[in-house]
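Please walk through the aromatic side chains of this structure.

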Amino acid sequence: MVYKQWLARAREQHQLLIMTIPLVILAVVFHYLPLWGWIMAFQDFKIARGISGSTFIGLEKFQMLFQDEKFYNVLRNTLVMGVLTLISGFVGAISLAILLNEVRFSLFKRTIQTITYIPHFVSWVVIANIVSILLSPDGGALNILLMKIGVISEPIYFMAKDTWFWFIHTVVSFWKELGWNTIIYLAVLTGINPELYEAADVDGAGRFHKMWHISVPSLMPTAFILLTLSLGWIIQSGYESQFLLGNSITIDYSEVLDLYAMRYSFQIGDYAYGTAISIFKSVVSILMVFSVTYIAKKSGYGRIL
């Protein structure tokens, strides 16, 4: 009976099923077939021998991974920067979307939106150069400003302060992605029934009360879905921004798992070790997504996931 119902639904939606075939093929080719390479993590992989000719060593690479003190330092950096970027971006995007929604002067609103969107389309290479020039001790705008207002007496080499790297990276990431992250929230706010605001006006609610009791609750389901999806990427924070903003002085605070894996794979030549790190990242990401989904169901948000 269930089989017949499935066939009937498939006949009704056959156009949609046909349209999904190219996407399914792309997902299989670029996301599932490459998983064959994970076998390297369980081998003493040698390029000359290939996967088929390399010796199987079991979980030896994973044992090396969890016995390496550097791994835990890199994991700390990855999680801290991922959480800081997530929190700042999440709160900032919602706040900016709500504030822009309250702006009645359309020209000013469009101007702010354009200004905040632009950094998203700028390469990290360009962003890193802008930040380096801005924070440079030799004529950097920030150092000049701080010296003129008397905050400091001599220039500070910001990019050589290893303990400041997390803060600098968070601020730069926040600036780059703030406008782009507000797009979905602005779309949700645009779709709110105007009668809710009109009813609030009749009850004597002020602008702040309408934001807090109408705008914010309307954003929460969408915000929770985006937060759930983002949590799975905390440990997959990438390497581009850290690689370009970091240097040999700040490496203890700037190196993340992707840079760690790349260094072992291409500099040391231990591809199996780098693959083990990638598997670890994927497993942790999956566990985080399932954990957040479970918590969402227990807290009452499960109906939207």
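This is a predicted model: local features need pLDDT of at least 70, side-chain atom pairs count only at pLDDT 80 or more; totals for chains, interfaces and linings use all residues.

Residues are numbered from 1 along each chain as its sequence is written, and side-chain values use heavy atoms, with hydrogens and water left out.

A pair of aromatic rings is described by the distance of the centres and the angle of the planes. Here, rings of Phe, Tyr and Trp (its six-membered ring) pair if their centres lie within 6.5 Å; planes under 30 degrees apart count as stacked, over 60 as edge-to-face and the rest as tilted. The count by this rule is 14 aromatic pairs.

In one of them, Tyr-260 and Tyr-273, the ring centres are 6.0 Å apart and the planes stand at 70 degrees, so the pair is edge-to-face. Tyr-260 belongs to helix H14 (residues 257-268) and Tyr-273 to helix H15 (residues 271-299), so their contact ties together parts 13 residues apart in sequence. Helices are DSSP runs of H or I with at least four residues, numbered from the N terminus. Tyr-260 and Tyr-273 are both buried, that is, under 20% relative accessible area with a 1.4 Å probe and protein chains only; exposed means over 50%, and partly exposed lies in between.

Phe-266 and Tyr-271 also pair edge-to-face, because their ring centres are 6.0 Å apart and their planes at 85 degrees. Phe-266 is exposed at 63% relative accessible area, whereas Tyr-271 is partly exposed at 25%.

One aromatic cluster is formed by Phe-66, Phe-71, Tyr-72, Tyr-260, Tyr-264, Tyr-273 and Phe-280.

Technical notes:
Helices (H or I, at least four residues) and strands (E, at least two) are DSSP runs, numbered from the N terminus.
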